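Trainee: I have a model open and would like to go through some of its contacts with you. Could we start with the charged side chains?

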Amino acid sequence: MIDFKQYIKELQSIPIDEITEHSKRFALETVLRALADDCANNKNKINVLHEPKRKDNYGSPDFKIFTNNSIIGYVENKKITENLDKILKTEQIKKYRELSQNLLITNYIEFVWIKGEVIQRETLCYLSDIENKIFKLDKDKVERVEKLLSNFFSQAPENISLPKELALALAVRCKNLKVFINDELIRQSEQNEQGKLLELYKVFKDNIFSELSISEFSDAFAQMLIYGFFLAGLNANGKRITLRDTKYNIPASFQLIRELLDFLDELELPEYIETKWIIDETLSIINNIQWFDLKQNLSFNKKVKDNENIETDPYIYFYETFLATYDYKLRKSKGVYYTPPQVVNFKVRAIDEVLINTFKLSDGFADRNKVTVLDFATGTGTFLLEIFKIILENIPKDSSRKRL
């Protein structure tokens with residue numbers, strides 16, 4: 001049972017006009033922890049983490065509710081005199097609703113539970129009651145509030161199985177991470193501080209693109225970090241990954257991302273600690289993906305030709321879905337569109353037949369002395385992979401493959 005009588009006494013201990021958003025947060029946290037204990041089961045302990053104050057443009061809600069492996073939801077705490085109807089319409093809450101489908105907003109006496117598109121609310125008492133020292137709690141109101149809070153705590157962690165849901169979850173956190181990286185890079189640059197981020201930015205600018213702006217680098221770096229977690233989770237074959245072993249679970253073919261993930265070793269430094277929550281949440285999402293269902297639901301995984309599944313690469317193709325959600329204009333401007341496997345297969349084999357039948361090159365694509373392939377918009381390299389398959393098919397097993 002929650003001791004709401006003591007909770008009200010705490011709220012009454014100082015005048016209402018002196019209670020700020022933070023004044024009685026310990027009292028609220030006590031209630032939340034009691035509820036966490038009541039709602040926990042034998043398998044999972046529910047934790048309540050009071051998040052430190054952060055900059056608004058990449059901050060998170062005031063409390064995170066989670067188990068050892070999963071995030072359950074968030075609690076946002078406002079001033080006792082705050083009108084929650086107005087708060088619900090703010091950009092801040094809109095951002096938090098993108099962050100989680102399970103959100104609790106409170107001004108200490110009103111509690112609004114947002115579960116997806118459904119909004120429920122209960123009121124423990126009124127402001128005038130807080131000012132009345134002989135006020136007694138209404139039993140029915142207490143029960144309704146406790147039920148609402150228990151329902152909030154009892155929600156199952158989000159287990160994602162749909163590509164679009166995963167893309168949205170990762171894109172929201174990627175946007176937060178981009179803002180942080182951009183702000184921190186500007187700070188390090190202005191103060192001439194030789195931090196890890198600034199070092200990486202200079203390496204890219206000196207060796208890859210001299211006109212690269214801080215904003216462009218921040219965007220690309222945030223994407224590579226967040227997408228790197230997806231690659232690691234996919235390659236871990238259902239095993240739980242940790243921050244420490246993430247980069248070792250990324251396939252060797254993504255060497256650049258593996259090297260950039262060295263940045264994760266810096267997260268405990270003071271200049272980066274404010275963004276660690278974004279990384280922790282991304283890990284939580286990855287560790288709760290329903291991988292079998294996700295792979296089945298990836299549209300490119302269902303392509304069939306001649307009653308056989310066409311092999312495709314989820315490492316590569318999910319990036320289009322992710323980028324479309326993260327920044328549709330960027331995806332369009334960069335031309336990040338994957339060609340369906342059937343189309344790739346048809347085009348490559350049609351050209352191979354032309355090389356053999358029209359140009360009389362019996363080895364088709366495999367004739368390395370007469371055939372040169374230039375893919376000037378390589379992207380994910382799908383066409384080149386299909387060409388390589390055809391070359392292997394056309395070379396007898398007992399033949400030397402040195403001509404490759």
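Trainee: Which side chain meets K247 in a salt bridge?
Mentor: The partner of K247 is D262, with N and O 2.4 Å apart; a salt bridge here is a side-chain nitrogen of Lys or Arg within 4 Å of a carboxyl oxygen of Asp or Glu. This pair links distant parts of the chain, since K247 lies in the loop between α9 (214-235) and α10 (255-260) and D262 in the loop between α10 and α11 (276-287), 15 residues apart. Helices are DSSP runs of H or I with at least four residues, and strands are runs of E with at least two, numbered from the N terminus.

Trainee: Before we go on, what kind of model is this?
Mentor: It is a predicted model, in which local features need pLDDT of at least 70 and side-chain atom pairs count only at pLDDT 80 or more, while totals for chains, interfaces and linings use all residues. Residues are numbered from 1 along each chain as its sequence is written, and side-chain values use heavy atoms, with hydrogens and water left out.

Trainee: Is K247 buried or exposed?
Mentor: K247 counts as buried at 15% relative accessibility, whereas D262, at 30%, is partly exposed; buried means under 20% relative accessible area, exposed over 50%, and partly exposed in between (1.4 Å probe, protein chains only).

Trainee: Switching to strands, how many bridges join β5 to β6?
Mentor: Six bridges join β5 to β6 (residues 118-123), and the two run antiparallel; strands pair if DSSP finds at least two bridges between them. I114 has I119 in β6 as its bridge partner.
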